[in-house]
Amino acid sequence: MSLENALARLRSDGLAALTRWGRDLAELLPRGGRLLVAGNGGSAAQAQHLSAELVGRYCEERPPFSAIALHADTSSLTAIGNDYGFADVYARQVTAHGRPGDVLMLMSTSGRSPNVLAAAEAAHAAGLRVLALTGPPPNPLADLADDFLAVRSTRTATVQEVHLVALHLVCEAFDAALARPDGSARTDGVRRFPAAAAATAAASAATSASVGRRTA
């Protein structure tokens, strides 16, 4: 499936899920909660991209929020990989850094990477909520996630490109949700972000995706 087709189908379902994720993070992070993010290869780069948008800023000026890309700590990554195996490089960090109520967001174009699946299992054991961006369903990561968006394309590059759009839409929804309806700041230093900004971005970017929530 081409990128154009992937961005042209199933817009409403995908955007609803991404908006929900952004709003949920806007409730969690200002209260001291934490977002952990992880993936492999290009998905690792996108995980670090997301953490940078939250610790730094996306568009408008606002306070920093806690977000950690788990692959970025190279000393921990290589020590865990050497001592325990590559499948545990994220799971041990989730156990170390995650607290009940925090969120782990995982990205995998296949939805089958052993280290990402182990991280999801560790997150559930520690009381974290698991969000996932994956490739075509069905896949094990979507099954493990509390909420997921699965891009229906067999082309890895297309899945990654749609994931990047998805991450930016999460950031749009996050920033928009930080402000109160009356325009006053929700957190000191947070400026008002017009709700129309997220709606405009949502209308201009569609995802060919399946979304779902974990029920078990």
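1. Thr134 has its place in strand β4, where strands (E, at least two residues) and helices (H or I, at least four) are DSSP runs numbered from the N terminus. At 0% relative accessibility, Thr134 counts as buried, a term that means under 20% relative accessible area, with exposed over 50% and partly exposed in between (1.4 Å probe, protein chains only).

2. This is a predicted model, in which local features need pLDDT of at least 70 and side-chain atom pairs count only at pLDDT 80 or more, whereas totals for chains, interfaces and linings use all residues. Residues are numbered from 1 along each chain as its sequence is written, and side-chain values use heavy atoms, with hydrogens and water left out.

3. The side chain of Thr134 makes a polar contact with the side chain of Asn139 at 3.0 Å; such a contact is a pair of N or O atoms within 3.5 Å, of which, within protein, one must be able to donate a hydrogen and the other to accept it, and residues adjacent in sequence count only if both atoms are side-chain atoms. With neighbours within four places in sequence set aside, the residues in contact with Thr134 include Ser108, Leu141, Leu149, Val151 and His163, contact meaning heavy atoms within 4.5 Å.

4. Strand β4 (residues 129–134) runs parallel to β5, and four bridges join them; two strands pair if DSSP finds at least two bridges between them. Ala132 stands opposite Phe148 in β5.

5. Five of the five residues of β5 (residues 147–151) are buried, so this strand is largely enclosed by the rest of the structure. Asp147, Leu149 and Val151 point one way from β5, while Phe148 and Ala150 point the other way.

6. The structure holds one aromatic pair. The ring centres of Phe65 and Phe174 lie 5.4 Å apart with their planes at 85 degrees, so the pair is edge-to-face; the rule pairs rings of Phe, Tyr and Trp (its six-membered ring) with centres within 6.5 Å, and counts planes under 30 degrees apart as stacked, over 60 as edge-to-face and the rest as tilted. The pair links distant parts of the chain, with Phe65 in the loop between α3 (42–55) and β2 (67–69) and Phe174 in helix α8 (residues 156–177), 109 residues apart. Both Phe65 and Phe174 are buried.

7. For the chain as a whole, there are nine helices and six strands, and buried residues make up 49% of its 216 residues. Of the contacts with a separation of 6 or more, 72% are between residues 24 or more positions apart.
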